[in-house]
Amino acid sequence: MKKVLIRADDLGFSKAVNLGIAETVRNGLVRSVGIMTNMPEAENGVAMLKGCHVCYGQHTNICAGIPLSDPARFPTLIGENGEFKTSKEYRQAFKEGKDFVVLEEVILEIEAQYERFQELTGEKPKYFEGHAVASRNFFKGLSIVAQRHGLDYLPLSFEPAPFRSSVIRVQMKSMDPDYDPKKFLIEVADH
């Protein structure tokens, strides 16, 4: 039997995102939530879901907000404003065949976000993955940190991939200009 899991990422990004995720969790649509531990509303987002049956994952973020660890230790990830470089900058570098992410540097921030996840939730993440960045070194860093701590790493793949004892297929269309959530869910269920 096919199962469809709807995951809501970006808990902590903003109060509005937290409210939307909380509503979908309380209405039973979402049971899996990815936390952006470096964002200013992460603690409030987790508090909003207290008492809800939720599978929390770490939605590691290196393209929005400020880092949790000392930005002087990984200058390649930081823009002139002191915040992470934007996802647009990562996409542009990827299009040009470049990866400005230094593996040793990104691992420092991934580790800091993992520690913050545990502080916020009191547990290890049920899955471990990354947010909106096109960088092989970022993905490699996620894999290294996941192995180091015995975490279930969920690589970004739109092809069927093994995860735990199942095969999953990640699908995301929410950034498409003609995105219709209801239509998309019907398409996913039919395939």
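**First stop: a loop and a strand**

Begin by selecting A132, which you will find in the loop between β4 and α5. Since this is a predicted model, please read every value on this tour as one computed from predicted coordinates. A132 is partly exposed, with a relative accessible area of 45%, and its phi is near 40°, a positive value in a residue other than glycine. Now select D10, which belongs to strand β1, residues 7–11, and whose phi is near 80°, again positive in a residue that is not glycine.

**The whole chain**

Zoom out and colour the chain by secondary structure, so that you can pick out its 6 helices and 6 strands. Of the 191 residues in the chain, 39% are buried. Among the contacts between residues at least 6 apart in sequence, 63% join residues at least 24 apart.

**Into the cores**

Which residues have the most contacts inside the largest nonpolar core? Select I62, L77, Y90, V106, I110, F128 and F138, which hold that place in a core of 21 residues. Helices α4 and α5, the latter spanning 136–149, each supply at least two residues of this core, and the largest share, 5 residues, comes from α4.

Stay with L77 for a moment and display its surroundings: leaving out residues up to four places away in sequence, L77 touches I62, E83, F84, K85, Y90, V101 and V106. Then move to a second, separate core of 15 residues, which includes A22, L49, Y56 and F117.

**Aromatic rings**

Next, show the side chains of the aromatic residues. A pair of aromatic rings is described by the distance of the centres and the angle of the planes. The count in this model comes to 4 aromatic pairs. For one of them, select Y114 and F128, whose ring centres are 6.3 Å apart and whose planes meet at 85°; because an angle over 60 degrees counts as edge-to-face, this pair is described in that way. Y114 lies in helix α4, residues 103–121, while F128 lies in strand β4, residues 128–130, so the pair ties together parts that are 14 residues apart in sequence. Both partners are buried, with Y114 at 3% relative accessibility and F128 at 0%.

Now compare F138 and F139, an aromatic pair that is tilted, with 5.9 Å from centre to centre and 35° between the planes. Is F138 buried or exposed? At 0% relative accessibility, F138 counts as buried, whereas F139 is partly exposed, with a relative accessible area of 23%.

The charged end of K85 sits over the ring of F100, at 4.3 Å from the ring centre.

**A glutamine in helix α4**

Return to helix α4 and select Q113, which has its place there. Where does its side chain reach? The side chain of Q113 reaches the backbone oxygen of N61 at 2.7 Å, and a polar contact of 2.9 Å joins the side chains of Q113 and E109. Not counting residues up to four places away in sequence, Q113 touches T37, N38, Q58, T60, N61, L68 and F84.

**From the glutamine to a loop**

From that list of contacts, select L68, which lies in the loop between β3, residues 55–60, and α3, residues 87–95. At 35% relative accessibility, L68 counts as partly exposed. Apart from its neighbours within four places in sequence, L68 is in contact with T37, N38, E109, A112, Q113 and R116. If you draw a line between the C-alpha atoms of L68 and R116, the distance is 8.3 Å, although these residues are 48 apart in sequence.

**Last stop: the cysteines**

Finally, select C52 and C63. C52 is partly exposed at 25% relative accessibility, whereas C63 is buried, with a relative accessible area of 8%. A disulfide is a covalent bond between the sulfur atoms of two cysteines. How many disulfides does a search of the whole structure find? The search finds 0.

Note on methods
Residues numbered from 1 in each chain as written. Predicted model: local features only at pLDDT ≥ 70, side-chain atom pairs only at ≥ 80, totals over all residues. Heavy atoms only, no water. Phe/Tyr/Trp six-rings, centres within 6.5 Å; stacked < 30°, edge-to-face > 60°. Helix = DSSP H or I, 4+ residues; strand = E, 2+ residues; numbered from the N terminus. Buried < 20%, exposed > 50% of the residue type's maximum accessible area, 1.4 Å probe, protein only. Lys NZ or Arg CZ within 6 Å of the ring centre and 35° of its normal. Disulfide = S-S within 2.5 Å. Polar contact = N/O pair within 3.5 Å; in protein donor to acceptor, adjacent residues only side chain to side chain. Contact = heavy atoms within 4.5 Å. Core = buried A, V, L, I, M, F, W, Y, C linked by side-chain atoms within 4.5 Å.
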